[in-house]
Amino acid sequence: MNPTLPHMFDCLVNGELSGHVAVDDRGLHYGDGIFETVAVIHGQPRFWQGHMDRLAIGCETLGLPRVPQALLLRELQTVSAGLASCVVKILLTRISSGRGYRPGTTSDCNRVVAAYPFPEDAEQFALHGVDARICNFRLALQPALAGIKHLNRLEQVLAAAELARTGTDEGILLDSEDYVISALSGNLFLVVGDRLLTPRMDRAGVRGVMRGAILQAFKARCEQRRVTLDMLRDADEVFCCNAVRGIVPVRRIGQWIFEPGPRTRELQEWLKPL
């Protein structure tokens with residue numbers, strides 16, 4: 001564990017062992033960058049290519065230079081060396097080009113790769129599920145940025161602060177038109193009979209890597225929809241998912257009660273060997 005950063009194992013900044021970035025970093029000033037959070041299980045990054053594909057889309061959307069996958073993989077292996085399981089966060093930020101919003105024309109970016117402990121509650125949440133509530137905070141509609149994992153997570157920060165005041169495990173985020181978008185810490189799936197419904201990510205939210213893997217593996221049973229609160233209430237099962245915690249049943253949303261049912265357990269079994 002890094003003694004100067006007790007919540008972190010190791011961190012590389014532009015390939016050098018460090019826990020600091022420059023004060024003029026545009027990620028710090030403007031959230032001008034993207035990130036990926038990768039689960040490393042038994043020394044192997046899970047869904048690595050899915051993370052790299054989304055990172056490439058984010059780079060293209062923001063006009064950031066791409067970083068070679070081989071370099072990122074090597075740095076992930078460096079910070080996670082000797083750890084059975086951990087979480088590696090990869091951040092790319094646009095380097096400083098002077099004061100002001102206008103980005104420069106440089107063909108380089110800052111690169112941070114850091115390893116963190118795996119969440120201790122992941123196994124219990126997967127087994128027993130989580131209690132959730134509908135957050136009062138609403139996500140803005142922004143199609144140009146929908147889907148990518150950019151650094152500006154202020155919407156999630158405000159929703160998480162709201163959730164902390166209630167002591168609830170998880171939050172359900174709606175957009176400004178009251179459509180269901182996601183869980184606070186992952187994507188959301190509704191089980192209706194044998195069908196798996198998940199909200200569309202074309203106007204708000206993040207296209208999660210775990211979500212993408214489920215859509216690919218179970219594509220004959222999956223459907224992307226505009227999801228209403230009535231649809232959520234009437235679902236047979238509900239689960240949330242992300243690349244680190246995996247597939248987590250939702251057992252309650254306010255007064256609505258759900259059971260961790262056979263479809264959720266089926267997907268959890270599918271995930272185990274991956």
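Guide: Let's start at the second largest pocket, whose lining is made of 19 residues, with Ala122, Glu123, Ala126, Arg245 and Lys272 lying nearest the centre. Keep in mind that you're looking at a predicted model. Helix H4 (122-128), strand S14 (246-253) and helix H8 (262-271) are the elements that give two or more residues to this lining. Sort the lining by class and you get ten nonpolar, two polar and seven charged residues.

Now for the largest pocket. Its volume comes to about 940 Å³, and 37 residues line it. Lys149, Leu184, Ser185, Gly186 and Asn242 are the ones nearest its centre. Strand S13 (residues 237-242) gives the most to this lining, three residues in total. Here the classes work out as 18 nonpolar, eleven polar and eight charged residues.

Search the whole structure and you find one cavity of 30 Å³ or more. That largest cavity holds about 60 Å³ of space. Among the residues lining it are Asp175, Tyr179, Val180, Pro199, Arg200 and Val227. By class, the lining has six nonpolar, no polar and six charged residues.

In soluble globular proteins, nonpolar side chains tend to be buried together. In the largest nonpolar core here there are 24 residues, and Ile34, Trp48, Leu72, Val88, Ile90 and Leu92 touch the most other members. At least two residues each come from S3, H2, H3, S5 and strand S6 (109-116). H2 gives the most, with five residues. Apart from this core lies another one, made of 20 residues, including Val130, Val180, Val227 and Val250.

Skipping neighbours within four places in sequence, Leu72 is in contact with Trp48, Met52, Leu55, Val67, Ile90, Arg111 and Val113. Three of those partners, Trp48, Met52 and Leu55, are also on the list of buried residues of H2. Others on that H2 list include His51, Arg54, Gly58 and Leu62. What do the buried residues of H2 pack against? Strand S3 (33-41), strand S4 (44-45), helix H3 (69-80), strand S5 (85-94) and helix H6 (209-217).

At 1.5 Å a residue, the 15 residues of H2 (48-62) should span 21 Å, and the end C-alpha atoms are 21 Å apart, so the two agree. Just after H2, Gly63 takes a positive phi of about 75°.

One last stop: Thr93, which is found in strand S5. Is Thr93 buried or exposed? Buried, because its relative accessibility is 8% and the cut-off for buried is under 20%. Not counting residues up to four places away in sequence, Thr93 touches Asp25, Gly27, Asp32, Gly33, Leu64, Cys109, Asn110 and Leu151.

Definitions and conventions
Residues numbered from 1 in each chain as written. Predicted model: local features only at pLDDT ≥ 70, side-chain atom pairs only at ≥ 80, totals over all residues. Heavy atoms only, no water. Helix = DSSP H or I, 4+ residues; strand = E, 2+ residues; numbered from the N terminus. Expected span 1.5 Å × (residues − 1). Buried < 20%, exposed > 50% of the residue type's maximum accessible area, 1.4 Å probe, protein only. Contact = heavy atoms within 4.5 Å. Core = buried A, V, L, I, M, F, W, Y, C linked by side-chain atoms within 4.5 Å. 1 Å grid on protein atoms, 1.4 Å probe; cavity = no way out; pocket = protein on both sides within 12 Å on 5 of 7 lines; lining within 4 Å. Points joined across faces, edges and corners; volume = space filled by probe spheres on them. Nonpolar A, V, L, I, M, F, W, Y, C, P; charged D, E, K, R; others polar.
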